[in-house]
Amino acid sequence: MRTLRIVVAKPGLDGHDRGAKIIARALRDAGMEVIYTGLHQTPEQIVETVIQEDAHAVGLSILSGAHMTLVPRVVELLRGQGIDDVVVTVGGTIPAEDIPELKQLGVSEVFTPGASTQDIVDFIRASAVA
Amino acid sequence: MSTSNYLMATYLQTPLEGWQDAYRATPERDALFTTLSGEPIRPLYTERDLPSQGDIGLPGQYPFTRGVYPSMYRGRLWTMRQFAGFGTAEETNERFRYLLDHGQTGLSTAFDMPSLMGHDSDHPRSLGEVGREGVAVDTLDDMETLFGGIDLGAVTVSMTINAPAAIMLAFYVVAAERNGIPAHRLGGTIQADILKEYIAQKEWCFPIDPAMRLLGDMIEWSSREMPRWHPVSISGYHIREAGSTAAQELAFTLKDGLTYVEQAIERGLDVDDFAPRLSFFFNAQIDFFEEIAKYRAARRIWARELRETYGAKNPKSWLMRFHTQTAGVSLTAQQPLNNIVRTAIEALAGVLGGTQSLHTNSYDEALALPTEEAVRIALRTQQIIAHETGVTNTIDPLGGSYFVEALTDRLEAQAYEYFRRIDELGGMVQAVKQNFPQREIADASFELQTEIDEGRRVVVGVNRYRHDDEDELPILRIDPALESKQIGRVQAVKARRDADAVSATLAAIRETAATERNLMPALLEAARAHATEGEIVEALQDVWGSYTETPVF
């Protein structure tokens, strides 16, 4: 089995990167290859990174309340590139009532505050195909 | 040992030795006996742990460990200052009036992400972010609406706007001026602590060096023109929220503050002309005693450094006055009503630590911006502490506590150890450029998360005492229509102003930015001409460029 390559991305303008960095480190410690985009990325930049890195999954960390604008845009751009085998997850302050809509768009899982890094590692292992 | 020998041994023991033996004979619970920052705590502290009397001192006297004022809360309670902002200036103005009507005594403005990053609401990068995490302020017009009907000569106002602080201050001063209130009557504070942006909050517009210069210009100008204004609130809050320990919050914040002091002195200012108006902003995390000790250590270090290292002679320059906010990062999305309890304990630590003003978080803030009901409970929490608990009856009630004094000393020593390491790297600006504080924080935050994930550190409702079928809480939804409303507001301003006057003021900003002249007069002219925040930031970026972080994790 090849090593899983995961892009951890911070779309939008918020600078809350504690969660993204913890997840990036936990995935790396679990043996995955992690590409952290850094802050303030546009959906276009993120999709570009996913393509360039040939990633198996992308985790979007958003704590600005802009998830219903930014996540659909990332998914749309991925689909526009013919990419449908990359697992998309979202983490951050996402109200419960937005989760069904995000999943309908094609987001595999939404991790809200309090999710354990182990659960996230397990989820990526189970769903991303190397 | 025979019975008589045993009796003889206990007879010869000091009471402390006796306790030690008895303690060792009792098994300890299987639990972490460390602070939230991972510091080991002994089972008992005694008079041996007290520092010399001089270090504890008295309130209102050097080194101010017990408080900056002689009377503290018997003279005047802390300012209850709830941070608020969402939607357009109109919605936030309504929330401000609501808070003032409910007994709040100062205002604190949260700006949205585009405003923090220097983008106008109609900029493509602002899409989906306008008015979401704070209020959108693009123009002088927005600033006037934000404080409409509020007497700016009578309330104090705090603004959390860092990279573009000088621009927002210009909007604020011109808005007040058009209402007949001159700059010298304005009281309040602006966060403007740019070093902690690169360290922790990560909202920037310019590279570090020109950002430091812009801050220096603002401090210099306001120390001449705004005697009631605190031109920079030096902030540990975001450092802690990014996952730092208490010692890191203390050390990095004070070192940032000392760096601003050094810069102002280098620019030729007399330390006593500006130091009395520097203020601080700290987090109140859930580890009660560690937090109280942190505030006490901060006062002592600041007083000593200002007096001994920087030669400040005015006793007011020695005072570390601070605002406190309870820890957003301690709030849980699970069983959110528990957050009321967490916030109350954190707020109490701030009060017992001698804070000058306080923001209490609302219980629903791990989910969204707070509802009015949640904000009211948060404010009531402060009022209960102030008026019901009796903790305001005496000054620094924990002063002289063996444990609190020992923790205070330990945090002080840890802060000085960080100062030494930062100095070795060439000072704070260099340390930030080398990612030193960023890396220390990332390590600490990962360690704490590991403790929580492994269940060694208990978070109630998250890794223990869970229940899975929780009722959904009604949360504040920001109406998506507010974004187009705000875009309409900024475009209306652009349509009705004198475009030539705007271009001329922006050209003056570019020209001044390339020199060493103070930028504030040019920024005020641009504000008067109704230049937008985004236009002014872009004019400065034309000269200075922007910033991209090399992230560490």
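Residues are numbered from 1 along each chain as its sequence is written, and chains are lettered from A, with ligands numbered from 1, in the order in which they are written. Because the model is predicted, local features need pLDDT of at least 70 and side-chain atom pairs count only at pLDDT 80 or more, whereas totals for chains, interfaces and linings use all residues.

Chain A contains five helices and five strands, where helices (H or I, at least four residues) and strands (E, at least two) are DSSP runs numbered from the N terminus. Read from the N terminus on, these elements follow the order β-α-β-α-β-α-β-α-β-α. The radius of gyration of chain A, taken over C-alpha atoms, is 13 Å, close to the 14 Å that the globule rule gives for 130 residues, so chain A is as compact as a globular protein of that length; the rule itself is 2.2 Å times the number of residues to the power 0.38. Along the principal axes, the C-alpha trace of chain A spans about 35 × 35 × 25 Å. Of its 130 residues, 54% count as buried, a residue being buried if 20 or more other C-beta atoms, placed from the backbone, lie within 10 Å of its own, exposed if 12 or fewer do, and partly exposed in between.

Together with helix α1 (residues 18-29) of chain A, strands β1(A) and β2(A) make a right-handed β-α-β unit, right-handed meaning that, with the strands pointing away from the viewer, the path from the first strand over the helix to the second runs clockwise.

Chain B has 23 helices and ten strands. The radius of gyration of chain B is 25 Å, close to the 24 Å that the globule rule gives for 553 residues, so chain B is as compact as a globular protein of that length. The C-alpha atoms of chain B fill a box of roughly 100 × 60 × 45 Å, taken along the principal axes, and buried residues make up 52% of the 553 residues in the chain.

In chain B, strand β4 (residues 157-160) is covered on both faces, with V157(B) and M159(B) buried on one side and S158(B) and T160(B) buried on the other. Strand β3 (residues 107-110) of chain B runs parallel to β4(B) and is joined to it by four bridges, and S108(B) has S158(B) of β4(B) as its bridge partner. Strand β5 (residues 188-190) of chain B also pairs with β4(B), in the parallel sense and over three bridges, with I190(B) of β5(B) as the bridge partner of M159(B). The chain crosses from β4(B) to β5(B) through helix α8 (residues 165-178) of chain B, and this β-α-β crossover is right-handed.

A further five strands of chain B form an open sheet with parallel pairing, in the order β1-β10-β9-β8-β7. At the edges stand β1 (79-80) and β7 (232-235) of chain B, each with a single partner strand, so one side of each is left without a neighbour in the sheet. Two bridges join β1(B) to the parallel strand β10 (residues 357-359) of chain B, where T79(B) stands opposite S357(B).

Helix α12 (residues 246-266) of chain B has 21 residues and reaches 30 Å from its first C-alpha to its last, close to the expected 30 Å, the expected span being 1.5 Å times one less than the number of residues. Of the 21 residues of α12(B), 16 are buried, so this helix is largely enclosed by the rest of the structure. After α12(B) comes G268(B), whose phi is positive, near 100°.

The contact between the chains takes 27 residues from chain A and 32 residues from chain B, two residues being in contact if their C-beta atoms, placed from the backbone, lie within 7 Å. On the side of chain B that touches chain A, α6 (113-117) and α19 (436-453) of chain B each supply at least two residues, and the largest share, five residues, comes from α19(B).

Notes
Pairing = 2+ DSSP bridges.
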